[in-house]
Amino acid sequence: MTKTIIGSLLGAFVLFAASRPLAAETRDDGWVSLFDGATLNGWKASENKGSFSVRDGAIVAEKARSHLFYAGPVENAIFTDFELKVDVMTKPGSNGGIYFHTEFQKKGWPLKGFEAQVNNTHKNKNRTGSLFQMQNVVVKSAADNVWFTEHIIVEGKRIIVKIDGKTVVDWTEPDTPAAPKAHPGRIISSGTFALQAHDPGSTVYYKNIRVKPLPVIDFPLADLHVHLKGGLTLAQAIENSKKRGVKFGIAQNCGLNFPCRDDEGLREYLELLEGKPVYSAMQAEGREWLTMFSPEWMAKFDYIFTDSMTWTDDKGRRMRLWMPNEVHVDDEQQFMDMLVRKTVGILSSEPIDIYVNPTFLPRVIADKYDELWTKERMAKVIAAAVENDVAIEINARYKLPSIRFIKLAKKAGAKFSCGTNNGGKNLGTLEYSKRAIRECGLKEADFFKPRPSGNRAVDRWKARR
Ligand SMILES: [Zn+2]
């Protein structure tokens with residue numbers, strides 16, 4: 001890309017980034033808080049729920065056995081590689097613990113994942129920082145009644161535990177994991193965190209609970225699929241965008257039976273977004289859209305996207321795949337082949353910059369996604385996207401396409417975008433997109449950037465006609 005293009009692309013971004021040099025989700029040091037210091041919002045206790053409370057900015061674990069699982073929005077509570085820091089304080093004779101790669105269970109000691117021990121003077125000899133039953137530590141590195149920081153790092157097969165900056169455990173899981181018989185769930189995977197209330201004789205305080213998912217995403221994210229729906233106003237969207245340091249593309253639904261049906265509608269929408277620090281996006285709907293708007297007006301949008309959720313099948317039935325009463329799946333395999341054919345057709349003949357809600361399946365067959373989206377079918381869709389220079393959205397709402405698909409698409413040289421496609425006010429924070437970026441090793445260069453006027457899909461399409 002030339003400097004001029006970069007300049008014109010980033011102009012608007014720099015404008016609003018200037019007021020906040022660090023983009024909260026992407027550019028800072030990557031730490032995110034899991035505890036608000038005042039409530040147990042985002043946390044879920046197992047048995048004996050009364051064993052957890054919040055006092056003086058800390059979670060207090062006391063009384064009967066219970067575990068408090070993180071169940072909040074950060075990363076959808078699924079962490080694979082990460083750093084976790086928790087400030088901890090114990091009363092004499094207390095036992096506690098910080099679980100990771102675990103999952104909610106109603107009662108008992110968590111079966112899945114690992115426990116980083118909290119225990120300075122409890123009768124059990126395994127002291128604070130022990131990777132319980134995997135690498136126990138008998139040397140004391142913290143004391144009762146004094147805050148200390150327990151720092152857990154998981155990267156691939158390696159787990160490090162530090163207490164106040166000093167490494168007490170550095171353990172690597174063997175190639176063939178050998179979990180102890182008594183703890184078959186101690187295998188590196190992914191999952192959430194849990195804090196332990198061990199027994200009525202133990203009191204442990206936990207605070208400043210913060211996590212840094214790894215690898216840190218070190219480039220700015222954009223959410224190119226935001227709708228002003230469910231009462232979300234443009235002002236609120238811009239506020240949200242600034243707060244998160246994520247630039248938004250605000251999309252209008254354009255097509256048959258949608259709010260915007262002609263050039264006049266496009267003009268009104270562009271006027272609304274004029275001069276605002278957002279991208280203007282045209283969501284092309286159905287297949288009729290091509291006949292409803294003039295290329296001149298389409299070309300004024302920063303980009304155009306569509307999905308493959310509305311088309312007419314071989315028997316002449318127009319279907320919107322998200323409307324169960326309109327969907328006909330007479331034969332799953334035939335339906336899939338038709339879906340692939342329709343999608344390839346859309347990607348190769350419509351002037352779109354991004355293919356959104358990619359690989360969406362109607363509800364009747366959605367649970368067979370991995371089976372029905374065979375490698376061959378994925379490859380056809382990916383090839384059409386790459387050949388026609390159409391980016392593939394990583395959709396946070398539907399969690400589509402699958403990680404498997406994204407890995408294949410990356411290999412084939414596809415470009416990606418992040419998108420929410422919100423149905424209401426809540427935009428979330430692109431958790432699935434971020435997960436995909438980490439798991440698939442996507443870099444800034446793998447992402448679509450809205451192109452300057454004259455270089456957009458519709459410009460190329462106009463020239464071809
Ligand atoms: Zn949409």
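Among contacts in the protein between residues at least 6 apart in sequence, what percentage join residues at least 24 apart? The share is 72%, where two residues are in contact if their C-beta atoms, placed from the backbone, lie within 7 Å.

This is a predicted model, in which local features need pLDDT of at least 70 and side-chain atom pairs count only at pLDDT 80 or more, while totals for chains, interfaces and linings use all residues. Residues are numbered from 1 along each chain as its sequence is written.

**Overall architecture**

The C-alpha trace of the protein spans about 80 × 55 × 40 Å along its principal axes. The secondary structure comprises 11 helices and 22 strands; these are DSSP runs numbered from the N terminus, with helices (H or I) of at least four residues and strands (E) of at least two. Of the 465 residues, 40% count as buried. A residue is buried if 20 or more other C-beta atoms lie within 10 Å of its own, exposed if 12 or fewer, and partly exposed in between, with C-beta atoms placed from the backbone.

The domain assignment, which is automatic or from a database, gives domain 1 (2–26 + 216–464) and domain 2 (31–213). Their centres, taken over C-alpha atoms, are separated by 39 Å. In the contact between them, 6 residues of domain 1 meet 5 residues of domain 2. The side of domain 1 that touches domain 2 has 1 nonpolar, 2 polar and 3 charged residues. Here Ala, Val, Leu, Ile, Met, Phe, Trp, Tyr, Cys and Pro count as nonpolar, Asp, Glu, Lys and Arg as charged, and the others, Gly among them, as polar.

**Helix packing**

Two packed helices are described by the angle between their axes and the distance between the axes. The axes are lines fitted to C-alpha atoms, for helices over the stretch in contact, and angles run from 0 to 180 degrees between N-to-C directions.

Helix α5 (residues 332–349) and α8 cross at roughly 10°, and their axes come within 8 Å. That angle makes α5 roughly parallel to α8; angles under 35 degrees count as roughly parallel, over 145 as roughly antiparallel, 65 to 115 as roughly perpendicular and the rest as oblique. Among the residues of α5 that meet α8 are M336 and V340. By class, this contact has 7 nonpolar, 2 polar and 2 charged residues.

Helix α8 (residues 375–387) also packs against helix α9 (residues 403–411), at an angle of about 50° and with the axes 10 Å apart. Therefore α8 is oblique to α9. In this contact, M378, A379 and I382 of α8 meet F405, L408 and A409 of α9. The contact of α8 with α9 has 6 nonpolar, no polar and no charged residues.

**A buried strand residue**

V118 lies in strand β8 (residues 114–119). V118 counts as buried because it has 32 C-beta neighbours inside 10 Å. Leaving aside neighbours within four places in sequence, the contacts of V118 include V88, T90, I98 and V204.

**Backbone features**

Most residues other than glycine have a negative phi, and most peptide bonds are trans. The table lists departures from this pattern.

| Site | Feature | Value |
|---|---|---|
| L214 to P215 | cis peptide bond | omega near -10° |
| L400 and P401 | cis peptide bond | omega about -10° |
| E75 | positive phi | about 55° |
| A77 | positive phi | near 60° |

E75 is in the loop between β5 (66–70) and β6 (82–90), and A77 is found in the loop between β5 and β6. E75 counts as buried, with 22 C-beta neighbours inside 10 Å.
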